[in-house]
Amino acid sequence: MGFKEKSDSQAVLDVEVSGDSPDLDEHYEPHDYQPPGKSASYCEALFILVKASLGTGILCMPRAFYNAGYVLGAVGTIFAGVISVLSVHLIANTEHELCRRKRIPRMTYPETLEASFEMGPGNVKRYKGIARVVCTVALTMQAFGSDCVYAIFIAVNIKEVVPLKNRMTKPAQFGSVCGVVNVAMIPDVFLYVIIGVFGYLAYGDNTRDPITLNMPQTGFAGDLIRFLLAVSVFAMYPICNYVVIELLWDKNLKLKLQDVKHRSKWEYAFRTAVTCANILFCIAVPSLELVMSLVGSLMVPALSLWFPAIMYTLTFWDEYRGIKFAFFLLRSSILLLTGVFALVVSVSITVFEIYETVL
């Protein structure tokens, strides 16, 4: 029987940390681990995160400001940015702490969620397998849906933020005060607010969704805008597709095909099949963007708000006392309630749009 390979994190994910471990080190620091291959510097990681967080959804900001108004639109956008930063910090801090406890260098998002249940209080350990599967399915559905409509939503990019921290030359710079996460969100939120405010100022009650529909549709300017938009969206496609390949191939199928000949050809075939499936879905399903928006409405609150709050709470449950514990619970509660609000609002709006489209 051939040897079955596991990823560097999954290989020890189910091993309990005990005093009998031969390589136990109380001062183990995952940030000291240097990942194989090319690593990302601070500036490279910063630009990657800024690029990943700026999707075509920014073109809908003027219409959003038309619906919400200047003040509420600006405040809401900044609040969304703050919540996104907080969620990313929760994921990164949880992954770092669990990696330190397990003495492994890194874990993926689903592996981190699973480990938080494994090492959490009470009997939550029994649900660790379910947590990992649910997270993997949610990530895959969201990434595949984003591929189909060639769009990336800012809240879901937490899924790339962690397979990024692990590639940095100095991972500790990822979540520090002047780290990649905090610095990257400043230009992102600024651009979202600026596009929203000035797009609405330019077209007022005639603001359309997306804003490109208000721009010249003929002539050189209109053709140039459509061309640049098509190029930018095409460049974003591989980002989401990378997530699908990472989850389905690298973490699953690849490990089961160790003894298969010409495994690289199977990988190319799988990548081609995923890409073709995207295109077929776009051709076969009318108004696919609304269907995928509905899927996103269900997945985004879980991936961006609920899972980070849950994994952080389970991991650091015994770390806080007194007023700090009250703040700890308040922060988690705010994220969970914000997720419920986002779910209700986004699903309601999407269902209404689907209803109007059908009629």
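Rings of Phe, Tyr and Trp (its six-membered ring) are taken as a pair if their centres lie within 6.5 Å, with planes under 30 degrees apart called stacked, over 60 edge-to-face and the rest tilted. By that rule the structure, a predicted model, holds eight aromatic pairs. One of them joins Tyr 70 and Tyr 200, a tilted pair at 5.1 Å centre to centre with 40 degrees between the planes. Elsewhere, Tyr 312, Phe 316, Trp 317, Tyr 320, Phe 325 and Phe 328 come together as one aromatic cluster.

As for ground rules, local features need pLDDT of at least 70 and side-chain atom pairs count only at pLDDT 80 or more, while totals for chains, interfaces and linings use all residues. Residues are numbered from 1 along each chain as its sequence is written, and side-chain values use heavy atoms, with hydrogens and water left out.

On the overall fold, the chain has 11 helices and zero strands, where helices (H or I, at least four residues) and strands (E, at least two) are DSSP runs numbered from the N terminus. Of its 359 residues, 43% are buried. The chain exposes about 19000 Å², with carbon and sulfur atoms supplying 69% of that; the areas come from the Shrake-Rupley method with a 1.4 Å probe, and for residues only the protein chains shown count as cover.

Now to helix packing. Helix 3 (residues 70-102) and helix 4 (residues 109-118) have axes that come within 10 Å and cross at roughly 65 degrees. Those axes are lines fitted to C-alpha atoms over the stretch in contact, with angles running from 0 to 180 degrees between N-to-C directions. Contact itself means heavy atoms within 4.5 Å. On the helix 3 side, Ile 91, Thr 94, Glu 95, Leu 98 and Lys 102 meet Tyr 109, Thr 112, Ala 115, Ser 116 and Glu 118 of helix 4. Sorted by class, that contact has four nonpolar, three polar and three charged residues; Ala, Val, Leu, Ile, Met, Phe, Trp, Tyr, Cys and Pro count as nonpolar, Asp, Glu, Lys and Arg as charged, and the others, Gly among them, as polar.

Finally, Thr 338 sits in helix 11 (residues 323-358). This residue is buried at a relative accessible area of 18%. Neighbours within four places in sequence aside, Thr 338 is in contact with Phe 79 and Leu 305.

Technical notes:
Buried < 20%, exposed > 50% of the residue type's maximum accessible area, 1.4 Å probe, protein only.
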